[in-house]
Amino acid sequence: MKLSIVIVNYNVKYYLEQCLRSVDRAAVNIAHEIIVVDNASKDGSMEYLKPRFPHVVWIESKINGGFSHANNIGFARASGKYVLMLNPDTIVTREALEGCVTFMDEHPETGAAGVKMINKDGTFAMESRRGIVKPWVAFCKATGLCRRFPESRFFGRYYMSYLDKEEINPIEMISGAYMFLRHETLKKVGTLDEQFFMYWEDSDLSYRILKSGAKNYYLPYTIFHYKGESSVKSRLRYRYWLYSSLQTFFKKHFPLYYVLFYIPIRVSVAVLKFRVHHANPIIYGDDWESYQEPPKKFLVLGSAEACRKIKEICEANNLGDSHRYIVTTEKEAPDGHLAVKDTVGCTHVLYDAESYSYDTMLRLLQQTPGNTLKLATYSTVTGNLITDDAIYNLQK
């Protein structure tokens with residue numbers, strides 16, 4: 001077995017369904033297995049997904065023991081020469097999987113590799129590569145100096161943003177959203193540390209790989225990462241777990257930093273907990289965490305059948321009727337939305353996943369980075385319209 005792909009699921013069945021479909025297409029030339037560990041989901045993930053993907057190894061955890069715990073269950077089952085730790089809210093391309101396999105085959109000194117992740121609007125995701133977090137690096141991140149001076153090796157260490165994102169480079173920290181590991185190295189340094197319930201487990205593993213003498217690399221092969229956290233409440237929870245896990249990371253690897261930053265981090269965590277549970281409900285009311293989606297206007301490219309179904313979904317979900325439909329396929333219009341002259345007012349470019357490949361979608365999206373168009377997808381096979389912040393279908 002060449003590759004084992006381990007995915008942890010927690011209540012994101014529709015995103016995972018799309019991820020698995022992208023993996024099936026991307027890994028067609030690689031001897032592989034897919035292992036999904038469900039972290040006690042409450043959304044009926046297993047009942048929904050298992051019949052649709054009988055070739056996947058499904059492992060149901062009765063408890064939510066955290067991201068690290070669930071991944072370790074999958075690692076224990078993996079038999080591939082390489083192991084890919086993959087988030088369920090990703091779209092994987094053939095170039096990413098095949099490129100990583102080829103690179104690892106040709107560079108035995110490599111312990112792990114990360115890839116170029118892009119955001120919902122086609123921009124480069126800065127967390128695709130990171131440096132080891134030490135006091136100065138953390139200060140530059142907290143104060144925004146790393147973003148203000150991205151080309152500086154002195155200020156830009158957190159995201160290693162002085163490196164060309166289109167070139168292969170050795171890096172220090174790899175994102176757990178897509179972490180391509182040599183199984184032999186994983187056995188040598190150990191699996192994920194379950195002290196980290198959520199966040200920084202990837203940095204901990206990356207650092208242990210470096211200390212073992214192996215190298216970590218950034219490879220310029222593209223994947224798409226949704227990165228949820230759309231509501232105010234979820235963003236605060238994200239920061240809470242981020243700070244808490246950072247403290248664990250310092251305590252484990254840099255005891256002096258742990259002592260120096262113990263009080264500032266604990267104060268930050270306490271303030272966040274107070275805001276989530278007490279201050280915001282008092283100031284803004286009990287529904288303070290609710291998230292109001294902005295009105296969506298889709299630029300739809302796909303088959304006639306896909307366009308017809310999307311119209312039904314939009315009507316059923318009160319998404320308006322001002323969307324623009326272009327009946328076409330990748331063969332007929334390989335430039336996709338790039339060939340559409342007027343996209344004013346459109347919020348999303350919505351591709352029919354049966355008419356356009358995921359590789360093509362992401363390639364085209366990267367050519368309009370940072371504009372108003374965000375990626376959305378629809379499949380006539382699944383019946384799901386997937387955006388960065390919501391799923392729409394005809395189910396009641």
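## Aromatic pairs, strands and a cavity in a predicted model

The count of aromatic pairs in this predicted model comes to 13. In one of them, the ring centres of Tyr14 and Tyr48 lie 5.2 Å apart with the planes at 80°, so this pair is edge-to-face. Angles over 60 degrees fall in that class. Tyr14 belongs to helix α1 and Tyr48 to helix α2 (residues 45-49), so the pair ties together parts that are 34 residues apart in sequence. Tyr14 has a relative accessibility of 14% and counts as buried. Tyr48 is buried too, with a relative accessible area of 9%. The cut-off for buried is under 20%. Elsewhere, ring pairs join Trp136, Phe149, Phe154 and Phe155 into a cluster.

The chain as a whole has 12 helices and 15 strands. It holds 396 residues, of which 55% count as buried. Among its contacts between residues at least 6 apart in sequence, 77% join residues at least 24 apart.

Tyr14 also takes part in the lining of the largest cavity. How many cavities of 30 Å³ or more does the count give? The count gives one. The space in the largest cavity is about 60 Å³. Besides Tyr14, its lining includes Glu17, Gln18 and Arg21, together with Ala353, Tyr358, Thr377, Tyr378, Ser379, Thr382, Asn384 and Ile386. Helix α1 (13-26) and strand β13 (374-378) each supply at least two of the lining residues. The largest share, four residues, comes from α1. Sorted by class, the lining has five nonpolar, five polar and two charged residues.

β6 runs parallel to strand β9 (residues 215-225), and eight bridges join the two. Within this pairing, Ala113 has Tyr217 of β9 as its bridge partner. β6 also pairs with β8, in the antiparallel sense and over two bridges. There, Ala112 stands opposite Leu181 of β8.

Strand β10 (residues 298-302) is mostly covered, with five of its five residues buried. In a regular strand the side chains alternate between the two faces of the sheet. In β10, Phe298, Val300 and Gly302 point one way, while Leu299 and Leu301 point the other way, and all are buried. β10 has parallel pairings with strand β12 (residues 348-352), through four bridges, and with strand β11 (residues 324-327), also through four bridges. Val300 has Leu350 of β12 as its bridge partner. Leu301 stands opposite Ile326 of β11.

| Strand pair | Sense | Bridges |
|---|---|---|
| β6 and β9 | parallel | eight |
| β6 and β8 | antiparallel | two |
| β10 and β12 | parallel | four |
| β10 and β11 | parallel | four |

Strand β8 is also part of the surroundings of a helix. Helix α3 (residues 67-77) has buried residues at Phe67, Ser68, Ala70, Asn71, Asn72, Gly74 and Phe75. Against which elements do the buried residues of α3 pack? They pack against the strands β1 (3-9), β2 (32-39), β4 (82-86) and β8 (178-182), and against the helices α7 (183-189) and α8 (201-211). An α-helix has 3.6 residues a turn, so residues three or four places apart point the same way.

Met160 has a phi near 45°, a positive value in a residue other than glycine. Met160 is placed in the loop between α6 (145-148) and β7 (169-171). Is Met160 buried or exposed? Met160 has a relative accessible area of 4%, so it is buried. Asn318 is not a glycine either, and its phi is positive at about 55°. Asn318 sits in the loop between α11 (304-316) and β11, the strand that pairs with β10. With a relative accessible area of 70%, Asn318 is exposed, as the cut-off for that class is over 50%.

Key. Residues are numbered from 1 along each chain as its sequence is written. Side-chain values use heavy atoms; hydrogens and water are left out. Buried means under 20% relative accessible area, exposed over 50%, partly exposed in between (1.4 Å probe, protein chains only). Contact means heavy atoms within 4.5 Å. Two strands pair if DSSP finds at least two bridges between them. On a 1 Å grid over the protein atoms alone, a cavity is a set of points where a 1.4 Å probe fits but cannot get out, and a pocket is an open set with protein on both sides within 12 Å along at least five of seven lines; lining residues have an atom within 4 Å of a point. Grid points are joined across faces, edges and corners, and a volume is the space filled by probe spheres set on the points. Ala, Val, Leu, Ile, Met, Phe, Trp, Tyr, Cys and Pro count as nonpolar, Asp, Glu, Lys and Arg as charged, and the others, Gly among them, as polar. Rings of Phe, Tyr and Trp (its six-membered ring) pair if their centres lie within 6.5 Å; planes under 30 degrees apart count as stacked, over 60 as edge-to-face and the rest as tilted.
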